[in-house]
Amino acid sequence: MFWLAATLPFPDTLSFIAIRNLLVQYTGVLTIGAMSVIMILATRANWIEPWLNGLDKSYRLHKWLGIGVLVTVFAHWIASGLPKWLVDWGMMEAPQRGTPGAGAPELTGIEGFFREYRGVMEFVGEKAFYLAVILIAVALIKRIRYKTFFSTHKFIAIAYLAGAAHAVTMLTFDHWATPLGIVMALLMLGGTYSAILTLTRQIGRGHKVSGKVGSIQTYPELRATEVNIALEGGWKGHDAGQFAFVTFDPKEGKHPFTIASAWDVATGQITFISKSLGDYTDLLPDTLKVGGMATVEGPYGRFTFEDANTRQIWIGGGIGITPFIAKMKQLATTPGTKTIDLIHTTKEHSADALKRLQADADAAGITLHVLVDDRDGFLSGERIRAMVPDWKAASVWFCGPAGFGQALRADLAANGLAASDFHQELFNMR
């Protein structure tokens with residue numbers, strides 16, 4: 001919209017070169033605008049979560065903007081290089097370029113400075129394009145190890161700074177005095193500041209606390225590991241349902257884990273439960289040692305069970321049971337006024353783990369339903385309605401496989417549940 005307002009009216013004659021120039025500007029604006037937002041989202045700033053309803057939603061937007069950038073930057077590259085390629089292939093004549101002294105005034109000041117460095121910035125922009133494409137691809141291709149993704153993803157900040165420098169000199173100069181120019185300047189200032197924070201490793205520093213692994217409990221049947229960490233001080237507390245980034249091995253980097261304990265300042269301990277889902281999580285049971293150091297960054301997320309409903313239905317699919325464990329432990333010490341049914345549906349099960357889950361539910365005053373896939377069948381909207389007859393008066397809180405949650409949301413909404421009453425944790429950071 002801003003670009004269109006700044007660009008109109010279009011040239012009277014829309015020649016091939018004129019259309020190409022418009023496409024170069026438009027795709028360039030889209031690319032650097034989206035990249036700026038990506039960089040700002042990457043800071044995990046506290047003010048972002050309320051706007052997007054949680055860091056998980058922020059990461060989803062971050063991911064889809066990255067996919068969008070792949071499309072726009074490729075279109076920008078095509079539009080920029082197409083005339084040269086057509087000339088090289090003999091399909092068109094080289095366009096005539098005006099020269100200063102042939103009727104065009106010599107440019108001075110800021111515009112002259114920008115024009116002087118256009119060639120250099122074209123080169124910089126092309127290299128930034130290649131680097132950004134490679135790094136975004138590494139982030140999106142889940143077959144590439146998380147460790148590789150983590151160690152390389154910060155270099156997107158370098159690609160961004162190069163792209164921003166390219167955009168500053170290549171944007172139509174007159175557009176800087178329009179609303180488009182103001183918006184682009186603000187976005188690039190925010191993006192540049194965020195890139196500097198990334199490169200200097202400042203992101204999340206104010207939310208990091210050190211600790212030591214106090215105990216480790218494994219559940220082989222579930223392929224799950226429960227880790228208790230004694231924090232050394234500085235943790236400001238968390239709400240049940242939030243998550244944190246935990247670093248056990250600096251070479252591996254931080255990984256997100258849902259917090260599985262209520263906060264008790266007297267003990268200063270925090271618990272995480274992870275499931276072996278490939279890559280690093282497969283190694284945790286064998287690599288973690290009692291007394292080992294850990295760094296916890298957070299808390300993040302808004303999956304905190306806060307709403308006006310006096311009736312709630314909780315659904316934990318597999319390892320998605322974790323935030324509900326934390327909330328039950330909190331309710332055991334600070335009882336609430338809500339009537340709650342917890343439905344835990346799982347493929348694998350452990351008698352010991354289910355016994356502990358039932359004990360937590362009893363202590364919290366919550367009705368627990370356990371469905372083991374091969375024994376009880378799969379959970380559906382119809383089964384939820386049968387289990388909880390007054391389900392329409394409830395809000396639903398779901399944590400588990402994303403597709404499963406979307407299917408339940410659609411089913412319940414089709415049968416009368418308000419869209420705002422279905423809350424889903426999108427625990428997918430990549």
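Analyst: Helices α2 and α4 cross with a left-handed sense in this predicted model. The helix α2 spans residues 16–41 and α4 spans residues 55–88; their axes come within 8 Å and cross at roughly 155°. Angles over 145 degrees count as roughly antiparallel, and therefore α2 and α4 are described as roughly antiparallel to each other. The residues of the contact between α2 and α4 comprise 19 nonpolar, nine polar and one charged.

The sheet is a separate topic. Five strands make up an open sheet, with the order β9-β8-β7-β10-β11 and parallel pairing. At the edges stand β9 (367–372) and β11 (422–425); each has a single partner strand, so one side of each is left without a neighbour in the sheet. On average, neighbouring strands of this sheet are turned by 15° against each other, direction ignored.

Within the sheet, β7 (residues 311–317) runs parallel to β8, and seven bridges join the two. One of the residues involved is G317, whose bridge partner in β8 is T345. Helix α11 (residues 322–333) lies across β7, β8 and β10 (394–399), and runs at about 135° to β7.

Strand β8 covers residues 339–346 and includes T346. Because its relative accessibility is 6%, T346 counts as buried, the cut-off being under 20%. Apart from neighbours within four places in sequence, T346 is in contact with G318, L371, V372 and D373.

Technical notes:
Residues numbered from 1 in each chain as written. Predicted model: local features only at pLDDT ≥ 70, side-chain atom pairs only at ≥ 80, totals over all residues. Heavy atoms only, no water. Helix = DSSP H or I, 4+ residues; strand = E, 2+ residues; numbered from the N terminus. Buried < 20%, exposed > 50% of the residue type's maximum accessible area, 1.4 Å probe, protein only. Contact = heavy atoms within 4.5 Å. Pairing = 2+ DSSP bridges. Axes fitted to C-alpha atoms, helices over the stretch in contact; angles between N-to-C directions. Parallel < 35°, antiparallel > 145°, perpendicular 65-115°, else oblique. Left-handed = near helix turned anticlockwise from the far one by under 90°. Nonpolar A, V, L, I, M, F, W, Y, C, P; charged D, E, K, R; others polar.
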